[in-house]
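Here are my notes for you on this one, point by point. Keep the structure open while you read.

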Amino acid sequence: MRIVFAGTPEFAVPALQAIYEAYGGGLVAVVTQPDKPQGRKGVLTPPPVKEEAVRLGVPVLQFARIRDNISALAALHADLMVTCAYGQILTQDVLDLFPMGVWNIHASLLPAYRGAAPIARAIIGGERETGVTIMKTELGLDTGDMLLAASTPIYDSDDCGTLEERLSRIGAELIVEALEKIERGGAVLQKQGEGFTCKKVARTEVDFSRTAREVSCLIRGLSPSPFAFARAGGLTLNFWFAEEVECDADVPAGTVVAASAKEGLVVKCGEGAVSITELQPAGGRRMTARDFCNGRKLERGARFDQPVL
RNA sequence: CGCGGGGUAGAGCAGCCAGGUAGCUCGUCGGGCUCAUAACCCGGAGGUCGCAAGUCCGAAUCUUGCCCCCGCAA
(Lines give C-alpha, C1' and ligand atoms only; values in the text may rest on other atoms or scores of the structure.)
Protein backbone atom coordinates (compact mmCIF):
# COMPACT_ATOMS: atom_id res chain seq x y z
CA MET A 1 0.00 0.00 0.00
CA ARG A 2 1.41 3.33 -1.06
CA ILE A 3 0.53 6.09 1.38
CA VAL A 4 0.79 9.87 1.27
CA PHE A 5 0.68 11.77 4.53
CA ALA A 6 -0.51 15.37 4.61
CA GLY A 7 -0.04 17.31 7.82
CA THR A 8 1.63 20.40 9.18
CA PRO A 9 1.86 21.19 12.91
CA GLU A 10 3.29 19.39 15.90
CA PHE A 11 -0.03 17.64 16.40
CA ALA A 12 0.49 15.64 13.20
CA VAL A 13 4.02 14.50 13.99
CA PRO A 14 3.19 11.41 16.10
CA ALA A 15 0.81 10.18 13.40
CA LEU A 16 3.50 10.62 10.79
CA GLN A 17 5.96 8.69 12.94
CA ALA A 18 3.47 5.90 13.61
CA ILE A 19 2.66 5.47 9.93
CA TYR A 20 6.33 5.46 9.07
CA GLU A 21 6.98 2.80 11.68
CA ALA A 22 4.13 0.64 10.44
CA TYR A 23 4.65 1.04 6.71
CA GLY A 24 8.21 2.23 6.20
CA GLY A 25 8.81 2.70 2.49
CA GLY A 26 5.08 2.42 1.88
CA LEU A 27 4.95 6.01 3.02
CA VAL A 28 5.91 7.50 -0.31
CA ALA A 29 5.60 11.21 0.37
CA VAL A 30 4.69 13.83 2.94
CA VAL A 31 2.73 16.87 1.90
CA THR A 32 2.98 19.89 4.16
CA GLN A 33 2.51 23.63 4.13
CA PRO A 34 5.31 25.83 2.77
CA ASP A 35 7.91 27.21 5.18
CA LYS A 36 6.69 30.44 6.70
CA PRO A 37 8.31 33.47 8.32
CA GLN A 38 8.10 33.14 12.09
CA GLY A 39 8.54 35.57 14.95
CA ARG A 40 9.89 39.11 15.06
CA LYS A 41 12.81 38.39 12.82
CA GLY A 42 10.63 36.79 10.20
CA VAL A 43 12.88 33.76 10.00
CA LEU A 44 11.69 31.26 7.42
CA THR A 45 10.71 28.21 9.46
CA PRO A 46 9.77 24.75 8.23
CA PRO A 47 6.61 23.22 9.73
CA PRO A 48 7.21 20.46 12.34
CA VAL A 49 5.94 17.76 10.01
CA LYS A 50 8.51 18.74 7.40
CA GLU A 51 11.33 18.54 9.90
CA GLU A 52 10.26 15.08 10.99
CA ALA A 53 9.77 13.87 7.42
CA VAL A 54 13.24 15.05 6.52
CA ARG A 55 14.62 13.28 9.56
CA LEU A 56 12.86 10.08 8.51
CA GLY A 57 14.07 10.47 4.95
CA VAL A 58 10.59 10.65 3.44
CA PRO A 59 10.22 12.93 0.37
CA VAL A 60 8.51 16.22 1.20
CA LEU A 61 6.14 18.17 -1.02
CA GLN A 62 5.16 21.73 -0.15
CA PHE A 63 2.39 23.24 -2.23
CA ALA A 64 1.19 26.81 -2.03
CA ARG A 65 -2.13 25.36 -3.24
CA ILE A 66 -2.49 21.61 -3.32
CA ARG A 67 -5.37 21.84 -5.77
CA ASP A 68 -2.99 23.33 -8.35
CA ASN A 69 -0.63 20.37 -8.10
CA ILE A 70 -2.77 17.43 -9.10
CA SER A 71 -0.24 16.07 -11.55
CA ALA A 72 2.55 16.06 -8.99
CA LEU A 73 0.34 14.11 -6.63
CA ALA A 74 -0.84 11.75 -9.35
CA ALA A 75 2.77 10.95 -10.17
CA LEU A 76 3.11 9.35 -6.74
CA HIS A 77 0.66 6.63 -7.75
CA ALA A 78 -0.45 6.36 -4.14
CA ASP A 79 -3.37 4.23 -2.99
CA LEU A 80 -4.38 6.29 -0.04
CA MET A 81 -3.79 9.57 1.73
CA VAL A 82 -3.92 10.38 5.40
CA THR A 83 -4.57 13.98 6.41
CA CYS A 84 -3.96 15.43 9.82
CA ALA A 85 -4.17 19.16 10.37
CA TYR A 86 -2.76 19.78 6.91
CA GLY A 87 -4.17 23.27 6.66
CA GLN A 88 -5.57 23.30 3.14
CA ILE A 89 -8.99 22.39 1.85
CA LEU A 90 -8.92 19.43 -0.52
CA THR A 91 -10.85 19.45 -3.76
CA GLN A 92 -12.59 16.54 -5.45
CA ASP A 93 -9.68 16.37 -7.91
CA VAL A 94 -7.41 15.57 -5.00
CA LEU A 95 -9.76 13.08 -3.39
CA ASP A 96 -10.12 11.24 -6.69
CA LEU A 97 -6.40 10.54 -6.86
CA PHE A 98 -6.52 7.93 -4.12
CA PRO A 99 -8.37 4.67 -4.90
CA MET A 100 -8.42 3.64 -1.25
CA GLY A 101 -9.60 6.99 -0.10
CA VAL A 102 -8.44 9.97 1.89
CA TRP A 103 -8.67 9.58 5.64
CA ASN A 104 -8.57 12.34 8.19
CA ILE A 105 -7.48 12.39 11.80
CA HIS A 106 -9.69 14.88 13.60
CA ALA A 107 -9.14 15.93 17.21
CA SER A 108 -12.67 15.72 18.49
CA LEU A 109 -15.43 13.22 19.00
CA LEU A 110 -17.35 13.90 15.81
CA PRO A 111 -19.83 15.20 14.97
CA ALA A 112 -19.03 17.67 17.75
CA TYR A 113 -16.35 20.30 17.16
CA ARG A 114 -15.88 19.96 13.44
CA GLY A 115 -13.55 22.45 11.88
CA ALA A 116 -10.68 24.50 13.22
CA ALA A 117 -9.26 24.41 16.76
CA PRO A 118 -11.40 21.54 18.11
CA ILE A 119 -9.05 20.99 21.03
CA ALA A 120 -9.07 24.54 22.29
CA ARG A 121 -12.80 24.80 21.65
CA ALA A 122 -13.55 21.67 23.65
CA ILE A 123 -11.71 23.06 26.67
CA ILE A 124 -13.22 26.51 26.32
CA GLY A 125 -16.62 24.90 25.98
CA GLY A 126 -16.16 23.29 29.38
CA GLU A 127 -16.26 19.74 28.03
CA ARG A 128 -15.19 16.97 30.39
CA GLU A 129 -14.32 14.61 27.58
CA THR A 130 -13.06 14.79 24.04
CA GLY A 131 -11.20 12.52 21.67
CA VAL A 132 -9.99 11.71 18.20
CA THR A 133 -12.00 10.49 15.23
CA ILE A 134 -10.75 8.83 12.06
CA MET A 135 -13.07 9.69 9.20
CA LYS A 136 -13.23 9.46 5.45
CA THR A 137 -12.57 12.83 3.95
CA GLU A 138 -15.23 14.27 1.69
CA LEU A 139 -15.86 17.78 0.47
CA GLY A 140 -17.84 18.90 3.51
CA LEU A 141 -15.82 20.18 6.44
CA ASP A 142 -15.17 17.16 8.68
CA THR A 143 -18.52 15.65 7.78
CA GLY A 144 -17.29 12.37 6.30
CA ASP A 145 -18.25 8.93 7.55
CA MET A 146 -16.48 7.77 10.67
CA LEU A 147 -14.31 4.70 10.97
CA LEU A 148 -12.85 4.82 14.46
CA ALA A 149 -12.90 7.03 17.53
CA ALA A 150 -11.25 7.09 20.94
CA SER A 151 -11.97 9.36 23.86
CA THR A 152 -10.02 10.89 26.71
CA PRO A 153 -11.10 12.95 29.72
CA ILE A 154 -10.36 16.67 29.89
CA TYR A 155 -8.89 17.30 33.31
CA ASP A 156 -8.83 20.56 35.23
CA SER A 157 -5.07 20.21 35.00
CA ASP A 158 -5.19 20.25 31.20
CA ASP A 159 -4.47 23.18 28.98
CA CYS A 160 -4.59 23.15 25.21
CA GLY A 161 -0.96 22.11 25.08
CA THR A 162 -1.22 19.06 27.31
CA LEU A 163 -4.48 17.94 25.79
CA GLU A 164 -3.19 18.37 22.27
CA GLU A 165 -0.17 16.27 23.08
CA ARG A 166 -2.32 13.50 24.50
CA LEU A 167 -4.73 13.59 21.58
CA SER A 168 -1.90 13.51 19.07
CA ARG A 169 -0.64 10.28 20.57
CA ILE A 170 -4.13 8.82 20.57
CA GLY A 171 -4.51 9.88 16.95
CA ALA A 172 -1.26 8.16 16.05
CA GLU A 173 -2.40 4.85 17.51
CA LEU A 174 -5.83 5.18 16.00
CA ILE A 175 -4.67 5.88 12.46
CA VAL A 176 -2.48 2.77 12.42
CA GLU A 177 -5.43 0.70 13.61
CA ALA A 178 -7.60 2.33 10.97
CA LEU A 179 -5.12 1.68 8.17
CA GLU A 180 -5.02 -1.99 9.12
CA LYS A 181 -8.79 -2.21 8.81
CA ILE A 182 -8.81 -0.35 5.53
CA GLU A 183 -6.07 -2.53 4.09
CA ARG A 184 -7.90 -5.68 5.19
CA GLY A 185 -11.03 -4.38 3.53
CA GLY A 186 -13.19 -4.74 6.58
CA ALA A 187 -13.74 -1.08 7.21
CA VAL A 188 -17.21 -0.41 8.49
CA LEU A 189 -18.17 3.23 8.31
CA GLN A 190 -20.70 5.09 10.35
CA LYS A 191 -22.57 8.21 9.28
CA GLN A 192 -22.20 11.31 11.39
CA GLY A 193 -25.25 12.63 13.17
CA GLU A 194 -26.23 16.22 13.74
CA GLY A 195 -23.15 18.12 14.89
CA PHE A 196 -21.61 21.55 14.85
CA THR A 197 -18.56 23.33 13.54
CA CYS A 198 -16.22 25.45 15.63
CA LYS A 199 -14.20 28.43 14.54
CA LYS A 200 -10.52 28.93 15.06
CA VAL A 201 -9.52 30.65 18.27
CA ALA A 202 -8.11 34.12 18.75
CA ARG A 203 -6.38 35.97 21.53
CA THR A 204 -9.18 36.95 23.89
CA GLU A 205 -9.55 39.42 26.75
CA VAL A 206 -10.89 37.77 29.88
CA ASP A 207 -14.32 38.83 31.06
CA PHE A 208 -14.14 38.18 34.78
CA SER A 209 -17.88 38.65 35.16
CA ARG A 210 -18.25 35.12 33.80
CA THR A 211 -18.14 32.20 36.20
CA ALA A 212 -14.83 30.98 37.59
CA ARG A 213 -15.14 27.83 35.52
CA GLU A 214 -15.78 29.73 32.31
CA VAL A 215 -12.79 31.93 32.98
CA SER A 216 -10.57 29.00 33.88
CA CYS A 217 -11.62 27.06 30.80
CA LEU A 218 -11.01 30.06 28.56
CA ILE A 219 -7.54 30.58 29.97
CA ARG A 220 -6.60 26.90 29.71
CA GLY A 221 -8.13 26.50 26.27
CA LEU A 222 -6.09 29.39 24.86
CA SER A 223 -2.80 28.36 26.49
CA PRO A 224 -0.05 28.09 25.26
CA SER A 225 -1.36 30.24 22.42
CA PRO A 226 -2.95 32.51 21.43
CA PHE A 227 -3.73 33.23 25.10
CA ALA A 228 -6.40 34.82 27.19
CA PHE A 229 -5.22 38.14 28.55
CA ALA A 230 -6.30 40.98 30.79
CA ARG A 231 -5.13 44.43 31.73
CA ALA A 232 -4.66 46.02 35.13
CA GLY A 233 -2.57 48.83 36.49
CA GLY A 234 -1.11 49.57 33.08
CA LEU A 235 0.01 45.97 32.64
CA THR A 236 -1.11 43.52 30.02
CA LEU A 237 -0.91 39.94 31.21
CA ASN A 238 -1.09 36.76 29.20
CA PHE A 239 -2.48 33.93 31.28
CA TRP A 240 -0.87 30.50 31.02
CA PHE A 241 -2.86 28.63 33.59
CA ALA A 242 -5.62 29.13 36.14
CA GLU A 243 -7.68 27.06 38.52
CA GLU A 244 -10.99 27.69 40.19
CA VAL A 245 -10.93 28.53 43.88
CA GLU A 246 -13.50 29.27 46.56
CA CYS A 247 -14.09 32.93 47.30
CA ASP A 248 -16.70 34.59 49.46
CA ALA A 249 -15.29 38.10 49.17
CA ASP A 250 -18.01 40.60 48.33
CA VAL A 251 -16.15 42.59 45.70
CA PRO A 252 -16.78 43.31 42.03
CA ALA A 253 -15.71 40.77 39.44
CA GLY A 254 -12.20 41.47 38.23
CA THR A 255 -10.94 42.53 41.64
CA VAL A 256 -7.64 41.08 42.83
CA VAL A 257 -8.53 39.45 46.14
CA ALA A 258 -5.04 38.09 46.79
CA ALA A 259 -1.62 38.86 45.39
CA SER A 260 1.11 37.39 47.51
CA ALA A 261 3.78 34.75 47.31
CA LYS A 262 1.87 32.48 49.67
CA GLU A 263 -1.69 32.99 48.46
CA GLY A 264 -0.94 33.43 44.78
CA LEU A 265 -2.83 35.72 42.43
CA VAL A 266 -6.56 35.33 42.95
CA VAL A 267 -9.13 37.24 40.92
CA LYS A 268 -12.82 37.46 41.74
CA CYS A 269 -15.16 36.27 39.03
CA GLY A 270 -18.88 36.66 38.50
CA GLU A 271 -19.21 33.46 40.45
CA GLY A 272 -16.31 32.17 42.53
CA ALA A 273 -12.75 33.16 41.73
CA VAL A 274 -9.75 31.96 39.81
CA SER A 275 -6.20 31.56 40.96
CA ILE A 276 -3.88 32.56 38.14
CA THR A 277 -1.03 30.12 38.66
CA GLU A 278 1.15 30.98 35.67
CA LEU A 279 1.24 34.16 33.66
CA GLN A 280 3.38 36.40 31.49
CA PRO A 281 3.51 40.18 31.57
CA ALA A 282 3.95 41.85 28.18
CA GLY A 283 7.66 42.12 27.57
CA GLY A 284 8.47 39.59 30.28
CA ARG A 285 8.88 35.89 30.46
CA ARG A 286 6.43 33.28 31.62
CA MET A 287 6.46 33.00 35.41
CA THR A 288 4.63 31.54 38.35
CA ALA A 289 2.11 33.61 40.27
CA ARG A 290 4.54 33.45 43.16
CA ASP A 291 7.31 35.11 41.17
CA PHE A 292 4.92 37.64 39.73
CA CYS A 293 3.63 38.61 43.16
CA ASN A 294 7.16 38.93 44.52
CA GLY A 295 7.69 41.69 42.00
CA ARG A 296 4.66 43.50 43.48
CA LYS A 297 3.31 44.73 40.21
CA LEU A 298 -0.23 44.24 41.42
CA GLU A 299 -1.60 44.66 44.91
CA ARG A 300 -4.67 43.19 46.51
CA GLY A 301 -7.63 45.38 45.62
CA ALA A 302 -6.39 46.16 42.12
CA ARG A 303 -8.99 45.83 39.45
CA PHE A 304 -8.76 44.26 36.01
CA ASP A 305 -10.16 46.45 33.26
CA GLN A 306 -13.46 45.38 31.82
CA PRO A 307 -13.05 44.14 28.27
CA VAL A 308 -14.70 46.35 25.68
CA LEU A 309 -17.18 44.04 24.01
C1' C B 1 14.11 49.50 8.46
C1' G B 2 6.57 47.18 11.42
C1' C B 3 5.35 48.96 17.05
C1' G B 4 6.94 48.29 21.99
C1' G B 5 9.02 46.30 26.94
C1' G B 6 13.38 44.36 29.25
C1' G B 7 18.70 42.38 30.92
C1' U B 8 20.50 44.80 38.91
C1' A B 9 22.21 38.17 44.63
C1' G B 10 19.08 31.50 43.06
C1' A B 11 13.72 33.85 41.44
C1' G B 12 10.53 38.15 40.62
C1' C B 13 11.18 43.44 40.97
C1' A B 14 12.69 48.83 42.72
C1' G B 15 16.67 52.21 42.03
C1' C B 16 18.12 55.28 36.32
C1' C B 17 14.60 60.89 34.36
C1' A B 18 17.34 65.35 38.39
C1' G B 19 25.42 60.59 38.80
C1' G B 20 27.73 60.09 45.28
C1' U B 21 27.37 53.60 50.88
C1' A B 22 23.17 47.97 46.41
C1' G B 23 17.07 48.39 48.24
C1' C B 24 12.20 45.21 48.38
C1' U B 25 9.46 40.50 48.30
C1' C B 26 10.62 35.34 48.03
C1' G B 27 14.05 31.38 48.29
C1' U B 28 18.43 29.63 50.82
C1' C B 29 21.64 28.82 55.41
C1' G B 30 21.88 29.31 60.88
C1' G B 31 19.30 30.32 65.49
C1' G B 32 14.69 31.03 68.35
C1' C B 33 9.34 30.23 69.47
C1' U B 34 5.86 25.99 69.24
C1' C B 35 2.94 19.61 70.65
C1' A B 36 3.89 21.07 65.67
C1' U B 37 4.27 23.90 61.03
C1' A B 38 4.82 25.65 54.43
C1' A B 39 3.13 30.11 60.31
C1' C B 40 5.83 33.76 63.38
C1' C B 41 10.56 36.24 65.45
C1' C B 42 16.06 37.07 65.10
C1' G B 43 20.53 36.71 62.35
C1' G B 44 23.81 35.45 58.05
C1' A B 45 25.58 34.29 53.17
C1' G B 46 24.98 35.60 48.27
C1' G B 47 25.57 40.93 43.11
C1' U B 48 32.11 41.90 37.65
C1' C B 49 24.32 46.09 38.02
C1' G B 50 24.28 41.95 29.89
C1' C B 51 29.30 43.23 27.15
C1' A B 52 32.71 47.12 25.44
C1' A B 53 34.33 52.00 24.93
C1' G B 54 33.56 57.18 26.38
C1' U B 55 32.32 61.64 29.71
C1' C B 56 33.28 62.65 34.96
C1' C B 57 36.82 63.55 41.03
C1' G B 58 33.06 59.68 40.93
C1' A B 59 28.63 55.74 36.46
C1' A B 60 23.54 50.65 37.85
C1' U B 61 22.36 55.90 36.71
C1' C B 62 24.71 60.18 31.28
C1' U B 63 26.76 59.16 25.72
C1' U B 64 27.97 55.62 21.75
C1' G B 65 28.40 50.69 19.75
C1' C B 66 27.35 45.46 20.34
C1' C B 67 25.02 40.87 22.37
C1' C B 68 20.76 38.48 24.39
C1' C B 69 15.39 37.88 26.15
C1' C B 70 10.22 39.02 25.59
C1' G B 71 4.96 41.21 24.31
C1' C B 72 1.95 43.03 20.12
C1' A B 73 1.45 42.93 14.93
C1' A B 74 2.34 40.14 10.42
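1. Start with C217. Its sulfur lies 11 Å from the closest cysteine sulfur, the one in C269, so the two are too far apart for a bond. C217 is also buried, at 2% relative accessibility. Bear in mind that this is a predicted model.

2. C293 is in no disulfide either: the nearest cysteine sulfur, in C247, is 15 Å away. C293 counts as buried too, at 7% relative accessibility. How many disulfides does a search of the whole structure find? The search comes back with 0.

3. Now have a look at the loop between α7 (212-221) and β13 (228-232), where P224 sits. The peptide bond joining S223 and P224 is cis, with omega about 10°. P226 is found in that loop as well, and the bond from S225 to P226 is cis, with omega near 5°.

4. Stay there for S225, which belongs to the loop between α7 and β13. Its phi is positive, near 160°, though S225 isn't a glycine. S225 is partly exposed, with 48% relative accessible area.

5. Y113 is another non-glycine with a positive phi, about 55°. You'll find Y113 in the loop between β7 (102-106) and β8 (114-115). Is Y113 buried or exposed? Buried, at 10% relative accessible area.

6. Last, the nonpolar cores. The largest has 44 residues, and F5, I19, V82, I175 and L179 touch the most other members. Helix α6 (residues 160-184) gives the most to this core, with 11 residues. A second, separate core has 28 residues, including F208 and L279. Leaving out residues up to four places away in sequence, F5 touches I19, V82 and C84, among others.

How values were computed:
Residues numbered from 1 in each chain as written. Chains lettered and ligands numbered in written order. Predicted model: local features only at pLDDT ≥ 70, side-chain atom pairs only at ≥ 80, totals over all residues. Heavy atoms only, no water. Core = buried A, V, L, I, M, F, W, Y, C linked by side-chain atoms within 4.5 Å. Buried < 20%, exposed > 50% of the residue type's maximum accessible area, 1.4 Å probe, protein only. Helix = DSSP H or I, 4+ residues; strand = E, 2+ residues; numbered from the N terminus. Contact = heavy atoms within 4.5 Å. Disulfide = S-S within 2.5 Å.
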